[in-house]
Amino acid sequence: LFVKQYEEETNLRCQLVIDQSGSMLFPIEGTGNLRHPNKLTFAVYASALLVELLSKGRDAFGLTLLSDGVDFSSQVRSSGTHKHYVLQKLQAALDAAATVKPGQHRGTTNIAESLHQIAEQMHRRSLIVIFTDAFVDEQQTAQLIDALRHLRHNRHEVLLFHTYDAAKELALDYGNQPTEFIDLETGIRLRLQPDQLAQSYQKEMERRTSYIKQRAIQYRVDYQPVDVSLGFEPVMLPFLIKRARCN
């Protein structure tokens, strides 16, 4: 007796999901810089790397770009033409980010609603890779966790790259000089004394990131924290080694 396994049934299907809301452009000077990338740059290059690896394994992949809705979503395919198409879209996302100047704002994202759509549209068990900084309020954070649970309920494997700049966004390390902060999503400006707020700010950010990590682990989501200030290779190389060992 023989069991036939067809390539269509055994190969991996992967959907890459990138949050490209305004907060993902922080720090703006990191756009296109692999040594000190911003969050969007990291997401784009990491996605391009995964596309290359998936293509070599003859696995199928697709790309979804999100802001206040779904800006772009491709089908899941494995052809060379499709790979070229996806890489072009990734480059276009990076080029568009490079035109944003300090002081400009780019809008918010409703990532949870889009993930719910993906959970229903991906008709077979797939790998969903998500890049987001999860810079949302508490209600939207709860909605994000619910969307991750929905993906897992539909038997998708989920990999969450939680991107941030640890020194600037988690520790509020801006010294003791009055500093003007500009919200990249709304354009709101605030002039603050960072050292006076750092302690309470750090506690709140630790609480938020811990909540996301704990809930992700609870729902068996592969949670990958990403401090983009470390650069691209120091983050991605250990991750790829870990995944290779798990497989």
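Start with Arg 220, which at 61% relative accessibility counts as exposed; the cut-offs are under 20% relative accessible area for buried, over 50% for exposed and partly exposed in between, with a 1.4 Å probe and protein chains only. Arg 220 sits in the loop between helix 7 and strand 8 (222-227); helices (H or I, at least four residues) and strands (E, at least two) are DSSP runs, numbered from the N terminus. Its phi is near 60°, a positive value in a residue other than glycine. Most residues other than glycine have a negative phi, and most peptide bonds are trans.

A word on provenance: this is a predicted model, in which local features need pLDDT of at least 70 and side-chain atom pairs count only at pLDDT 80 or more, while totals for chains, interfaces and linings use all residues. Residues are numbered from 1 along each chain as its sequence is written, and side-chain values use heavy atoms, with hydrogens and water left out.

Leu 172 also has a positive phi, near 55°, and is not a glycine. Leu 172 belongs to the loop between helix 6 and strand 6, and at 10% relative accessibility this residue counts as buried. Pro 27 is in the loop between strand 1 and helix 2.

Now for strand 4. Six of its six residues are buried, so strand 4 is largely enclosed by the rest of the structure. Leu 127, Val 129 and Phe 131 are buried on one side, and Ile 128, Ile 130 and Thr 132 are buried on the other. Strand 4 pairs with strand 1 (residues 13-19) in the parallel sense over five bridges; two strands pair if DSSP finds at least two bridges between them. To find that pairing on screen, look for Ile 18, whose bridge partner in strand 4 is Phe 131. Strand 4 also runs parallel to strand 5 (residues 157-164), with six bridges joining the two. There, Val 129 has Leu 159 as its bridge partner in strand 5. Strand 4, helix 5 and strand 5 make a right-handed β-α-β unit (right-handed if, with the strands pointing away from the viewer, the path from the first strand over the helix to the second runs clockwise).

How much space lies in the largest pocket? About 1,300 Å³, where a volume is the space filled by probe spheres set on grid points joined across faces, edges and corners. A pocket here is an open set of points on a 1 Å grid over the protein atoms alone, where a 1.4 Å probe fits, with protein on both sides within 12 Å along at least five of seven lines; lining residues have an atom within 4 Å of a point. The largest pocket has 39 lining residues, and Phe 135, Glu 169, Phe 181, Ile 182 and Tyr 201 lie nearest its centre. Helix 7 gives the most to this lining, with nine residues. By class, the lining has 20 nonpolar, six polar and 13 charged residues (nonpolar being Ala, Val, Leu, Ile, Met, Phe, Trp, Tyr, Cys and Pro, charged being Asp, Glu, Lys and Arg, and polar the others, Gly among them).

The second largest pocket has a volume of about 240 Å³. It is lined by 14 residues, with Leu 50, Leu 53, Leu 127, Leu 240 and Arg 243 closest to its centre. Helix 8 provides the largest share of that lining, four residues.

Glu 52 forms one with Lys 83, with the closest N and O atoms 2.8 Å apart. Glu 52 lies in helix 2 and Lys 83 in helix 3 (residues 80-98), so the pair ties together parts that are 31 residues apart in sequence. Lys 83 counts as buried at 18% relative accessibility, whereas Glu 52 is partly exposed at 31%. In helix 7, Glu 204 and Arg 208 are four residues apart, which is about one helical turn. Salt bridges that share partners join Glu 138, Glu 204, Arg 207 and Arg 208 into one network.

Technical notes
A salt bridge is a side-chain nitrogen of Lys or Arg within 4 Å of a carboxyl oxygen of Asp or Glu.
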